[in-house]
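Look through the model below before reading on.

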Amino acid sequence: QNTTGSGNDFGIDDIHFAPLVPVEDSMTVHIFGGSSAYDTVHICYNESFDFMGNMLSEPGDYVDTLPIQFGDVMCDSILHLHLTKGDEVSVELGNDRYFCSSEATEYALNAGGDFFYEWSTGETERMITVNETNTYHVTVSDDHDCTASDSISVTFETTPTVQILSQTENFCDGYTAELYADGNADNFLN
C-alpha cells in the first residue's frame with residue numbers, strides 16, 4: 001500500500017490522495033413520483049366497480065396511473081386494484097301458503113343456504129316456525145354484505161262449523177234447507 005500521499009501501488013502516478021476535510025452544509029431532497037396505492041375491493045355478484053372511469057365487473061388485478069402535480073412537477077401515482085367478486089346470493093321461500101285449521105296450526109319457513117338471516121319477526125335463524133296469518137319477509141346476506149330478499153304470505157283460516165237449521169224430511173233436488181255457519185264462513189261458502 002502506498003502511504004506517501006501521491007501515486008499508488010498500481011503504477012499509475014497521476015492519482016493524488018488528499019486528506020478528507022469535513023464540511024458542514026444542509027440540503028433538502030424532494031422525491032417526486034414513485035407513489036403507489038394498493039387496494040382490494042369486493043363486489044357482489046351483480047355489481048360493478050368504477051376504477052378510474054372504467055366500470056369493472058370481472059375479478060382480477062388491475063393497474064392504472066393517476067397524474068399528480070407537485071408545483072411545476074407532474075408525476076404519476078400507480079394504482080393497483082385487486083378486485084374480487086362473490087357468488088350470487090339468493091333466497092326462495094316458495095309460493096304463498098293457505099291452511100285450514102284442520103290442516104295445520106303452524107308452518108316452518110326455511111330460507112336455506114349458509115347466510116346471515118334477518119326475518120321480519122326479528123329472528124335471525126335459517127328456519128322459523130310461524131302460526132299467525134301474515135306476510136313474512138327475510139333478507140339474507142353473506143360475509144361481504146351481498147344481500148337477497150324474499151317474502152311469503154301464510155294464511156291460517158279457522159274452518160267454520162255448519163249446522164242445518166231446517167229441512168224437509170225428504171231432501172231432493174229443488175228442495176231448500178236453511179244453514180247456519182259460524183267462524184270465517186265467507187271464505188268457504190260461495
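**Strands, sheet and disulfide**

Ser141 stands opposite Thr147, a residue of β11. The model is predicted, so local features need pLDDT of at least 70 and side-chain atom pairs count only at pLDDT 80 or more, while totals for chains, interfaces and linings use all residues. Residues are numbered from 1 along each chain as its sequence is written, and side-chain values use heavy atoms, with hydrogens and water left out.

Strand β10 (residues 134–141) and strand β11 (residues 147–157) run antiparallel and are joined by eight bridges. Strands are DSSP runs of E with at least two residues, numbered from the N terminus; two of them pair if DSSP finds at least two bridges between them.

β10 and β11 belong to an open sheet of four strands with mixed pairing, in the order β6-β11-β10-β8. β6 (97–100) and β8 (116–119) each have a single partner strand, so these edge strands are left without a neighbour in the sheet on one side. From one strand to the next the twist averages 20 degrees, taken between N-to-C directions of axes that are lines fitted to C-alpha atoms, with angles from 0 to 180 degrees.

The whole structure holds one disulfide, a term for a pair of cysteine sulfur atoms within 2.5 Å. Its partners are Cys44 and Cys146, with sulfur atoms 1.9 Å apart. The angle about the S-S bond is -95 degrees, a left-handed link.

Cys44 counts as buried because its relative accessibility is 11%; buried means under 20% relative accessible area, with a 1.4 Å probe and protein chains only. Cys146 is also buried, at 2%.

Definitions and conventions:
Buried means under 20% relative accessible area, exposed over 50%, partly exposed in between (1.4 Å probe, protein chains only).
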